[in-house]
Amino acid sequence: MYFNESIPSHPKDIHQFFDKWPSTKKMSFTALMTALAVILQAAGGLLPGIGYFFSPFATAPILLAALISFRSGVSTYVLTSCLLLLIQPSELIIFPFTTGLLGLGLGWTFCKLNRRFGILIVNGLLLLLGACIPLYVFGFPLFGPVISPWFNIQSMIGIFGFSLIYSWLWLEFGLFLLRKINMVLDLK
């Protein structure tokens, strides 16, 4: 079955490649990934219309930073949030709870889990939690008028379904991206 398959070794190969880097190189790469994540996430507010297409791709730099180490991923996540506060504060409610959280989760699960199903469930739950906090705690209409900020079980099921599908798309895109990076680095 597809979801019970092991993921390729690309994430672990790239993690081992990053692990050999000196700490200065890791910090520089973390700073570069932070800048890239800020640019991609802020694109939605700075370039209305087309910018919303680029905004979801802010997950990729967080994913790559988390492959260096979970600590580097968290650093990139926190620094990106701080820079968004200065550059595009309206994106600050979206990034920490959805885009950034998914990148951290994918980076960590790619290193720790081997099966697609486990990676999908963990990241689906992370995204569900991340979507519910702004929606139900802050009352921020994350999904616009489609889902009301009042708690109900049908909305939770819908959000979880969306979270699973979105996590699955990022699982596949992340593996595709890492396969390309693996080919460029010529790791195996």
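**Figure 1. Gln-88 in the loop between helix H5 and helix H6.** In this predicted model, Gln-88 is found in the loop that joins helix H5 (70–87) to helix H6 (95–112). Neighbours within four places in sequence aside, Gln-88 is in contact with Ala-42, Gly-45 and Leu-46.

**Figure 2. Helix H2 and its buried residues.** Helix H2 covers residues 23–46, 24 residues in total. At 1.5 Å a residue the helix should span 34 Å, and its end C-alpha atoms lie 33 Å apart, so the two values agree. Which residues of H2 are buried? They are Lys-26, Phe-29, Thr-30, Met-33, Thr-34, Ala-37, Val-38, Leu-40, Gln-41, Ala-42, Ala-43 and Gly-44. An α-helix has 3.6 residues a turn, so residues three or four places apart point the same way. The buried residues of H2 pack against H1, helix H3 (51–54), helix H4 (59–68), H5 and H6. Ala-42, one of the buried residues of H2, is also among the contacts of Gln-88.

**Figure 3. The salt bridge between Lys-26 and Asp-19.** Lys-26 forms a salt bridge with Asp-19, and the closest N and O atoms of the pair are 3.8 Å apart. Are the two partners buried or partly exposed? Lys-26 is buried, with a relative accessible area of 18%. Asp-19 counts as partly exposed, at 48% relative accessibility. This pair is one of three salt bridges in the structure.

**Figure 4. The salt bridge between Glu-5 and Arg-116.** Glu-5 pairs with Arg-116 in a salt bridge whose closest N and O atoms are 4.0 Å apart. The pair links distant parts of the chain: Glu-5 belongs to the segment before helix H1 (10–19), Arg-116 to helix H7 (residues 116–137), and 111 residues separate them. Glu-5 is partly exposed, with a relative accessible area of 38%. Arg-116 counts as buried, because its relative accessibility is 9% and buried means under 20%.

Figure 5. Glu-172 counts as partly exposed, at 26% relative accessibility. Which residues make up the network of salt bridges? Glu-5, Arg-116 and Glu-172 are linked in it.

**Figure 6. The protein chain as the setting for the close-ups.** The protein chain has eight helices and zero strands, and from the N terminus on its elements run α-α-α-α-α-α-α-α. Its radius of gyration is 17 Å, close to the 16 Å that the globule rule gives for 188 residues, so the chain is as compact as a globular protein of that length. The C-alpha atoms fill a box of roughly 50 × 45 × 30 Å, taken along the principal axes. Of the 188 residues, 44% count as buried. Among contacts between residues at least 6 apart in sequence, 70% join residues at least 24 apart. The chain exposes about 9,800 Å², of which carbon and sulfur atoms supply 73%.

How values were computed:
Residues are numbered from 1 along each chain as its sequence is written. This is a predicted model: local features need pLDDT of at least 70, side-chain atom pairs count only at pLDDT 80 or more; totals for chains, interfaces and linings use all residues. Side-chain values use heavy atoms; hydrogens and water are left out. A salt bridge is a side-chain nitrogen of Lys or Arg within 4 Å of a carboxyl oxygen of Asp or Glu. Helices (H or I, at least four residues) and strands (E, at least two) are DSSP runs, numbered from the N terminus. Buried means under 20% relative accessible area, exposed over 50%, partly exposed in between (1.4 Å probe, protein chains only). Contact means heavy atoms within 4.5 Å. The expected span of a helix is 1.5 Å times one less than its number of residues. The radius of gyration is taken over C-alpha atoms; the globule rule is 2.2 Å times the number of residues to the power 0.38. Accessible areas come from the Shrake-Rupley method with a 1.4 Å probe; for residues, only the protein chains shown count as cover.
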